[in-house]
Amino acid sequence: MKALALILPALALMAALLGGCGGHQESTVVVYCAQDQVFAEPLLAEFTQQTGIKARPIFDSEAVKTVGLANRLLAEKDHPQCDVFWGNEELRTRQLAARGVFRATNGFTIFGFRSRRIVINTNKVSLAKAPRTLAELTNTTWRGKVALAYPMFGTTATHFLALRQRWGDAPWQTWCRALQANKPFLVDGNSVVVKLVGEGEAWIGLTDSDDVAGGIREGLPLAAMPLTPETLLIPNAVAVVRGAPHAAEAEQMFQFLQRSEVAERLVKEQALEGAQASQPQGLQVDWEALLHDLDAATAIMRDIFLRRE
């Protein structure tokens, strides 16, 4: 009995020590990230270095982002697995907010911007003869020479939906059908558009400014046409998920991504064009109306651009 009395406290102390070691929980934040991995990862690593919070990002494929991440957040709405959503365009962020995916107060904010651009291969098209407007992309001159990503996804979808709001449904459908009749290359993602144009397989593309900048860095013969009233500006967004499993860490990430130095670093790396999200030029979007018509307009685009002859 005396031996047992001596052994039990020792076992209890050992269990406490082992439990303390095994029970330590690493401070983490789960980020669903639509920003390109090459730009996001260094910033997330910097966040970890500054705060001690391990950022665990989940990225998505270019062909469907931000749609893939948005669908995942919707599926997980009643049992959230994500803490912070780092969006790369505004439509899906607002769609998720309208569906109650983000916390009710201060759920999301936008920062910085990219833009949608007409890009040309300068070995195939001179600047003097290059199209300046989207209507020109339907000219027979450019038949079989225009590339764009499928308009049901990503920034291409947002741009097309915003154009429908600006032009009205009937003129917009006429333009969409004329564009499709002009036999464009429809591809999986904006970087593929830049590659096709840069290699001269297509002469003209409709893509994002950061992809154009990347192509130019690689030495491709590219030039982007100037901003116009038809240009869509594309901010980044950061949001905190309602019921985030790591709410305190999510708030720190939310504040970190809003810092001016984050946007300025993304501008320096040409992931963004400007650090301020509010800009006077470009399409002015009524987001509530656009979301109201989203399903109907997307169905029209699917019918036009995915129709099989």
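1. The largest nonpolar core has 36 residues. Such a core is a set of buried Ala, Val, Leu, Ile, Met, Phe, Trp, Tyr and Cys residues joined through side-chain atoms within 4.5 Å; buried means under 20% relative accessible area with a 1.4 Å probe, protein chains only. Phe160, Trp172, Trp175, Ile204 and Phe305 have the most contacts inside this core.

2. The model is predicted: local features need pLDDT of at least 70, side-chain atom pairs count only at pLDDT 80 or more, and totals for chains, interfaces and linings use all residues. Residues are numbered from 1 along each chain as its sequence is written, and side-chain values use heavy atoms, with hydrogens and water left out.

3. Helix 12 gives the most, with 6 residues. Helices (H or I, at least four residues) and strands (E, at least two) are DSSP runs, numbered from the N terminus.

4. Helix 5 (residues 154-167) and helix 6 (residues 169-181) pack at about 135°, axes 7 Å apart. Axes are lines fitted to C-alpha atoms over the stretch in contact; angles run from 0 to 180 degrees between N-to-C directions.

5. Which residues of helix 5 make the contact? Phe160, Leu163, Arg164 and Trp167 do. Helix 6 answers with Asp169, Pro171, Trp172, Trp175, Cys176 and Leu179. Contact means heavy atoms within 4.5 Å.

6. Beyond its neighbours within four places in sequence, Trp175 is in contact with Leu134, Ala135, Thr138, Phe160, Leu163 and Trp167. Another core, of 26 residues, lies apart from the largest one; Val29, Phe39, Phe111 and Ala263 are among its members.

How values were computed: Buried < 20%, exposed > 50% of the residue type's maximum accessible area, 1.4 Å probe, protein only.
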